[in-house]
Amino acid sequence: MMMPGSGGTPMNLPGSGATPMNLPGASGGGTPMMLPAGGDENSGRGPGQGMVMVLPKSMQSRQWIESGHAHKSFDPSPFATREQMRDLIARVQAWVQSITPTVYGDQVQFDVDAVMRAFATTAGKPIADTFTSGWSSGDNEILTGDTMSPAEGRTLAQQFADQHVIRLARPVTESVLDRMNEILRESVDAGVRGPDVASAIQDAMGGEAYYIADRIARTELANAYQFGEIEAWRQSGAVIGKRFVPAAGACPLCMELARMLGDKVIPLDQPIVPMGTTITAAGRTQVFDFGDVQTGITHPNCRCSIEPVMEGEQ
């Protein structure tokens, strides 16, 4: 396999064309931003009730925060080690708690660009580490026997993480801002006034920070792991495609997706779920209007996966 620094072809993620480490649809498509959203893997709830990717402005922020309390006891991810999960949760939790809101009239404000940069710096390392784990797993699955040196691994993973966290930073930051504005309205309705309002917002966000961090970590580390697998398969030259694999006890959305796809083999550079796809499950309809889904992670807290398909296995 060709690794960065080894004289080989620079890494190109699926759908990136010839640009090294260009995430699929980085200008608007690509892997959805997996943000905190109401519901969990087994909730069976649809848009606005749990099965959403990028948190839309219209969504009730309170819902995705409260639903996160399902993870009060630490539940390990099938795609990341406990250490990787705890590391990213702690980093994102501290990031949320570090944001100092200022209230101007009926709006919360803070330096969005600075907060975005802080998120990108905060989240990079555990995402890079998990991508490396995924690459190793993907390589082992196809038994190529190839290995990468520590230096090569760091380069490969860091390239992915640098681009992934930049794409995540804005929607994650804007979701936190939306939640702060909701708390502002609730505080004013409850009779809180003056400087106490900003303090109330910061106190509330401090209490909710763990659940925001848990949801982001659980979903984005799964994404990073599976992108690592895809890259290992691509570089092997022996894998012709990928196949969606629903998790045991998967939600109705994922089970319906599995039914729709069947045993379909999807090229490595093509999405599992193309942008614009509509899925109806458990009486609710999900429109994937935020971008292509490249991995098996179709919604927050998703545990579904992908498997490689070798020549002759179709």
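I began with Met 180, which touches Ile 99, Pro 101, Val 108, Phe 110, Ile 201 and Met 205, leaving out residues up to four places away in sequence. Contact here means heavy atoms within 4.5 Å.

A note on the source: this is a predicted model, in which local features need pLDDT of at least 70 and side-chain atom pairs count only at pLDDT 80 or more, while totals for chains, interfaces and linings use all residues. Residues are numbered from 1 along each chain as its sequence is written, and side-chain values use heavy atoms, with hydrogens and water left out.

**Cores**

I then looked up the largest nonpolar core, which has 45 residues. Val 92, Trp 95, Phe 119, Ile 127, Met 180, Ile 201 and Met 205 have the most contacts inside this core. I took a nonpolar core as a set of buried Ala, Val, Leu, Ile, Met, Phe, Trp, Tyr and Cys residues joined through side-chain atoms within 4.5 Å. Buried means under 20% relative accessible area, exposed over 50%, and partly exposed in between (1.4 Å probe, protein chains only). At least two residues of the core come from each of helix 2 (82-98), helix 3 (112-141), helix 4 (150-189) and helix 5 (196-236). Helix 5 gives the largest share, 14 residues. Helices (H or I, at least four residues) and strands (E, at least two) are DSSP runs, numbered from the N terminus. A second, separate core has 28 residues, among them Phe 79, Ile 230, Leu 268 and Phe 288.

**Helix pairs**

How do the axes of helix 2 and helix 3 cross, and within what distance do they come? They come within 10 Å and cross at roughly 175 degrees. The axes are lines fitted to C-alpha atoms, for helices over the stretch in contact, and angles run from 0 to 180 degrees between N-to-C directions. Helix 2 and helix 3 are therefore roughly antiparallel. Angles under 35 degrees count as roughly parallel, over 145 as roughly antiparallel, 65 to 115 as roughly perpendicular and the rest as oblique. By class, I noted 9 nonpolar, 5 polar and 4 charged residues in this contact. Ala, Val, Leu, Ile, Met, Phe, Trp, Tyr, Cys and Pro count as nonpolar, Asp, Glu, Lys and Arg as charged, and the others, Gly among them, as polar.

For helix 3 and helix 5, the axes come within 6 Å and cross at roughly 40 degrees. This pair is therefore oblique. The contact holds 10 nonpolar, 7 polar and 4 charged residues.

**Single residues**

I checked Gln 202, found in helix 5. Gln 202 is partly exposed, at a relative accessible area of 29%. Its contacts are Gln 97, Ile 99, Thr 100 and Pro 101, again without residues up to four places away in sequence. Gln 202 and Ile 99 are 103 residues apart in sequence and 7.8 Å apart in space, C-alpha to C-alpha.

Ser 305 lies in strand 6 (residues 305-310). Ser 305 touches Phe 79, Gln 226, Arg 243, Phe 244, Val 245 and Gly 296, not counting residues up to four places away in sequence. From Ser 305 to Ala 247, I noted 58 residues in sequence and 7.0 Å in space, C-alpha to C-alpha.

Ala 282 has phi near 55 degrees, and Asn 301 has phi near 70 degrees. Is each of them buried or exposed? Ala 282, in the loop between strand 4 (278-281) and strand 5 (284-287), is exposed at 53% relative accessible area. Asn 301, in the loop between strand 5 and strand 6, is buried at 3%.
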